[in-house]
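Below are my notes on the model, as numbered points. Please read them alongside the sequence and the coordinates.

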Amino acid sequence: DARVFLDVDDLKEGKGAEYVDVSAVTLVLCSAGYFQSPNCMREILRAVVTAKPIVTLLEPEVKHGGLEEGEIHTQLLEAVGNYGKWGLTKEVESWGYSMPAPTQIADALFAGEINEWNRIGGYQDITMRLIANSLLPENHGPTFVQGELISQPPKLLDPPAAQYHIYCSDNNPGA
């Protein structure tokens with residue numbers, strides 16, 4: 001029953017910060033270009049100054065814009081130089097907050113749950129379950145993605161029908 005807002009699909013008006021205010025959690029997909037986008041930076045700044053929980057999703061593949069943690073820190077430092085040009089310094093002040101330092105943003109990104117996105121379907125299911133877990137109350141119990149193997153009860157094997165003799169040769173070390 002979770003309602004999901006995706007800025008590229010669902011932004012009808014404004015610049016995104018107002019949607020952070022009505023969200024329980026902000027998911028940040030850290031990839032090339034994210035920290036060079038004024039709208040993305042506006043959303044993460046709003047989440048940081050209002051202390052909204054952040055779920056960090058890392059893109060591991062460089063060909064899809066993957067960044068390592070050190071590269072994220074570097075890009076956050078570079079973004080500071082664009083705040084004035086983007087009007088973010090004045091905007092954050094208009095919200096009644098002072099601009100957070102890049103280290104504060106990095107701390108917020110890496111303080112909570114960090115997940116890695118994977119393009120293989122089965123691993124995507126696991127990532128989606130982990131993201132869903134971060135939205136639920138702490139004592140929610142187990143969660144499963146439909147069809148995920150972990151959600152199926154184990155199938156017990158029948159006991160062996162006969163007795164077997166196993167021989168391990170002395171000439172096969174470690175056997």
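In what order do the three strands form the open sheet, and is the pairing parallel or antiparallel? The points below start from there; the model is predicted.

1. The sheet. The order is S1-S2-S3, the sheet is open, and the pairing is parallel. Strand S1 (26-30) and strand S3 (114-116) are the edge strands; each has a single partner strand, so one side of each lacks a neighbour in the sheet. From one strand to the next, the twist averages 25 degrees.

2. Strand S2 covers residues 54-58 and runs parallel to S1, with five bridges joining the two. Thr26 stands opposite Ile54 in S2, and Cys30 stands opposite Leu58 in S2.

3. Burial of S2. How many of the five residues of S2 are buried? The count is five of five, and the strand is mostly covered. The side chains divide between two directions: Ile54, Thr56 and Leu58 point one way from S2, while Val55 and Leu57 point the other way. Both sets are buried.

4. Is Ala51 buried or exposed? Ala51 has 66% relative accessibility and therefore counts as exposed, the cut-off being over 50%.

5. Helix H7 and the sheet. Helix H7 (residues 102-111) lies across S1, S2 and S3. Relative to S2, H7 runs at about 80 degrees.

6. Packing of H4 on H7. Two packed helices are described by the angle between their axes and the distance between the axes. For helix H4 (residues 69-80) and H7, the axes come within 9 Å and cross at roughly 140 degrees. The crossing is right-handed. On the H4 side the contact is made by Glu69, Ile72, His73, Leu76, Leu77 and Val80, and on the H7 side by Pro102, Ile105, Ala106, Leu109 and Phe110. Sorted by class, this contact has nine nonpolar residues, one polar and one charged.

7. Ala106. This residue belongs to helix H7. Why does Ala106 count as buried? Its relative accessibility is 1%, and buried means under 20%, so Ala106 falls in that class. Leaving aside residues up to four places away in sequence, Ala106 touches His73 and Leu76. Ala106 and Val48 are separated by 58 residues in sequence, while their C-alpha atoms are 9.7 Å apart in space.

8. Cysteines. A disulfide is a covalent bond between the sulfur atoms of two cysteines. How many disulfides does the count give here? The count comes to zero. Cys40 is in no disulfide; the nearest cysteine sulfur is that of Cys30, 10 Å away, and the cut-off for a disulfide is 2.5 Å. Cys40 has 14% relative accessibility, so Cys40 counts as buried. Cys168 has 44% relative accessibility and therefore counts as partly exposed.

9. Points to revisit in the viewer.

How values were computed
Residues numbered from 1 in each chain as written. Predicted model: local features only at pLDDT ≥ 70, side-chain atom pairs only at ≥ 80, totals over all residues. Heavy atoms only, no water. Pairing = 2+ DSSP bridges. Helix = DSSP H or I, 4+ residues; strand = E, 2+ residues; numbered from the N terminus. Axes fitted to C-alpha atoms, helices over the stretch in contact; angles between N-to-C directions. Contact = heavy atoms within 4.5 Å. Buried < 20%, exposed > 50% of the residue type's maximum accessible area, 1.4 Å probe, protein only. Left-handed = near helix turned anticlockwise from the far one by under 90°. Nonpolar A, V, L, I, M, F, W, Y, C, P; charged D, E, K, R; others polar.
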